[in-house]
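Here are a few notes to read with the model open beside you.

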Amino acid sequence: MADTELTLFGEQGDTPTHGSVTGEVDSIFFRAPDSFFKIIRVHIKETDLTWDDDYITITGDFGDLKEGNTYCFKGMLVKHAKYGMQFKAVSYQNVATSSREGLITYLSSDEFPGIGKKTATQIVTVLGDNTIEKLLENPPSRDELGISKKQYTVLLDQVRANNGVEQAIVRLNSYGFSSSMAAKIYNQYKERVFEVLEDNPYQLAIDIPGLGFGRADQLAAQLGIAADAPKRIQAAVVHALQLLCFEDGSTYTTAEPLVALTLDLLEKGRNIAIDPEQVADEMVALAHDKKLVPDADRIYPPILYYNEKDIATEVYRLINDEPATPYDQAQLDKQLTKLEAQLGITFGNEQRQAIMAAVQNKFLLLTGGPGTGKTTIINGIVALFATINDFSLDIGEYERKDQPFPIILAAPTGRAAKRITETTGLPASTIHHLLGINKLDDQPLEEKTLDGQVLIIDETSMVDTTLMKYLLQSVPATMHVILVGDKDQLPSVGPGQVFSDLIACQVLPTVKLKHIYRQDEQSTISILAQNIKNGQLPADFAQPKADRSFIECNANQIANAVTRIIEIAHRKGNNYDDIQVLAPMYRGVAGIDNLNRLLQDLMNPATPQTKQVLLNNQHLRIGDRVLHLVNTPEKNIFNGDLGKVVGIIPTNKDKAEQVAGKVIVDFDGNEVEFVGPELKNLTLAYCMSIHKSQGSEFPIVIIPMVMQYARMFARNLLYTGITRAQQKLILLGEKQAYLQSLARNTSSRQTTLTQRVLALFKPDEISITTPQANPDTDDPNTEMVQEPDGQEYLLTADVVTKEEVDPMIGMDGITPYDLLDK
């Protein structure tokens with residue numbers, strides 16, 4: 001917002017004239033969405049400025065100004081190059097409390113029940129003209145004021161409620177905080193803001209996004225906190241621990257990097273040497289206060305330590321508290337055969353093993369790459385459970401009887417949940433919605449126990465330790481749990497790698513799918529993904545295939561190449577909405593930010609009639625594809641969700657540079673309004689990061705990979721990007737970049753969930769389900785679902801339900817290479 005303020009309302013022109021203006025607020029015609037900044041029109045009652053008009057435009061940081069109220073503004077006249085003379089306020093005060101008489105009238109008003117004129121006069125006599133400031137910053141005792149306990153409570157509470165914002169703005173600005181940061185700080189602590197600042201300014205680094213240890217340390221220095229003060233060292237330790245765990249995705253670190261980073265933070269901030277022994281002493285104190293958890297040579301943030309322990313405990317409970325109902329293997333096999341006949345599908349050997357394992361075990365991990373038939377298995381699990389337990393899959397029956405549906409399907413994101421519904425025909429939700437989490441802190445509103453017989457979670461690799469803990473704690477011991485995902489994809493955005501850690505235990509029932517279904521000579525994306533997963537770049541990598549191509553170019557050529565490919569694809573009849581560009585990094589000529597600017601002008605160009613606004617240094621237009629950047633469960637939108645802008649309401653009337661006041665985005669039928677600070681959670685998404693794409697799939701995917709991205713190279717990053725492509729995949733860039741990505745295979749995340757689980761289970765305590773190889777179906781080129789020769793392919797609802805849709809429908813004879821000019 002600061003940049004916007006400078007652009008629209010900056011000071012330019014003559015030397016400013018200082019003075020004051022007292023007047024009534026006539027209108028507030030601009031409110032910044034993420035700060036206290038406002039532009040107001042004031043009817044002048046008194047001023048020491050040379051000003052001929054009855055009204056004046058005033059800009060500045062203001063709290064809850066009320067139209068019709070009279071205020072005294074102090075500041076300076078400035079000349080804006082476009083808008084002319086304005087008054088920039090640096091402080092202001094409600095006139096009602098600026099004199100002794102005004103103070104007495106104010107404190108004896110109806111806003112202060114129990115305080116009459118006599119008591120108000122007594123209070124003002126004790127405190128003087130700065131009564132409000134003293135009550136806010138350093139309130140005297142009740143005895144000093146000579147009032148009752150009830151009167152004292154009413155006095156302080158109401159003064160803070162009425163004046164806290166204004167005082168906070170002035171004081172926070174005096175500490176050098178920007179308007180938007182001052183707004184964040186005040187909104188976090190409200191009337192407690194001064195108490196927090198004085199008691200421990202380092203708390204801001206923990207609670208306020210975007211305000212790190214360095215800025216909090218500057219404030220602490222202003223408040224006189226010594227360089228070697230215990231609270232300063234402890235704050236640096238906590239901040240370093242957060243950086244080493246939450247930013248890297250680990251659940252713990254060790255003493256050496258923690259001490260090193262702590263010393264770096266402390267000594268860079270004040271340029272004063274700190275004894276490492278002091279850091280060690282304060283780490284002991286933090287452990288005593290349970291602000292960090294030491295365990296052997298590991299050091300954990302408390303929440304991550306207990307998350308891992310709770311997950312292991314819950315898995316053990318689910319497996320052991322209520323043993324699974326024993327079923328005869330031969331009978332299950334017969335039931336599956338009957339289901340195949342009913343559904344008109346043939347399950348592969350691995351698929352049969354997985355389906356039966358889900359029924360025979362209370363807890364099952366199912367992992368497999370693209371094309372391995374996970375969706376078919378989910379449908380088979382649902383059908384087999386319904387058959388052997390004799391329950392209906394007709395949702396309407398349960399709704400009419402007001403009974404819970406026995407099968408619960410969920411995923412980490414809205415898009416992933418919607419895909420489950422599309423492929424199974426059954427309702428699915430996000431995990432947040434399932435658990436009743438509708439706040440940003442990812443905590444359920446209350447303890448919840450799920451009601452049903454089977455819980456199936458898809459895209460489990462995206463679930464972090466905190467969400468998995470809450471999920472498993474909500475599962476009753478009688479319920480079957482099947483966690484489905486791809487362990488080779490990127491881990492969750494939040495700390496941990498829960499899915500792959502559970503699989504690594506090798507003591508939990510696990511099915512690892514290897515066989516690729518529906519692969520023929522015309523479809524090679526899944527085979528390429530398998531090669532990438534195994535660290536191999538196939539010999540035919542650069543050769544054009546029916547569904548993928550590689551185009552060699554350097555970083556400076558990426559933007560032009562991507563633009564040309566999309567232009568040609570669109571001319572060949574492909575919808576822009578079906579094309580998604582994925583890249584590893586935001587900066588640089590081949591970065592996400594630059595590509596988004598170019599692709600927006602290509603896919604959604606501005607016209608004289610286009611409604612657009614300035615948002616986050618981007619121009620946002622009706623029809624733009626946008627990405628949501630955080631979890632907002634209360635609106636049923638999540639980090640990585642894609643939507644389309646369907647409405648824009650600007651806050652100002654300057655058509656040359658309109659600023660967003662409200663933006664309406666359609667997320668797959670869920671229209672969401674964004675106002676104020678929420679607007680920062682949107683960004684253009686014609687090109688998006690591979691991390692953010694996880695859990696989504698797109699008909700056509702374009703991935704540039706160049707040496708400019710070197711610090712982001714990782715095999716699982718490349719694998720995740722490639723597996724987002726449903727029909728066509730175009731790879732661009734430098735072959736060396738792909739080779740280096742394959743070479744970097746080790747995960748830098750440090751976790752101990754595997755050890756926590758192993759500590760609870762004895763080797764003979766649980767059976768492991770492993771699918772047996774079937775030589776008749778183990779050929780990766782075998783077509784598992786075949787149409788009789790000469791039979792016309794018809795797209796029907798039944799075909800969709802059985803997951804028999806040919807991904808190449810309508811694409812006969814077209815390859816990614818056709819998108820290039822010959």
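1. Let me start with one residue. Please bear in mind that this is a predicted model. Tyr305 has a relative accessible area of 11%, so this residue counts as buried. The cut-off behind that word is under 20%.

2. Tyr300 is buried too, because its relative accessible area is 0%.

3. How do the rings of Tyr300 and Tyr305 pair? A search of the whole structure turns up 16 aromatic pairs. One of them joins Tyr300 to Tyr305 in an edge-to-face arrangement, with 5.1 Å centre to centre and 70 degrees between the planes. The label follows from the angle, because planes over 60 degrees apart count as edge-to-face.

4. Now for the helices. α24 spans residues 555-571 and α25 spans residues 592-603; the two pack at an angle of about 30 degrees, and their axes are 10 Å apart. This angle is why α24 is roughly parallel to α25, since angles under 35 degrees count as such. The crossing of α24 past α25 is right-handed.

5. Which residues of α24 and α25 meet? From α24 come Ile558, Ala559, Val562, Thr563, Ile566 and Glu567, while α25 brings Asn594, Leu595, Leu598, Leu599, Leu602 and Met603. By class, the residues of this contact are 9 nonpolar, 2 polar and 1 charged.

Conventions:
Residues numbered from 1 in each chain as written. Predicted model: local features only at pLDDT ≥ 70, side-chain atom pairs only at ≥ 80, totals over all residues. Heavy atoms only, no water. Axes fitted to C-alpha atoms, helices over the stretch in contact; angles between N-to-C directions. Helix = DSSP H or I, 4+ residues; strand = E, 2+ residues; numbered from the N terminus. Parallel < 35°, antiparallel > 145°, perpendicular 65-115°, else oblique. Left-handed = near helix turned anticlockwise from the far one by under 90°. Contact = heavy atoms within 4.5 Å. Nonpolar A, V, L, I, M, F, W, Y, C, P; charged D, E, K, R; others polar. Phe/Tyr/Trp six-rings, centres within 6.5 Å; stacked < 30°, edge-to-face > 60°. Buried < 20%, exposed > 50% of the residue type's maximum accessible area, 1.4 Å probe, protein only.
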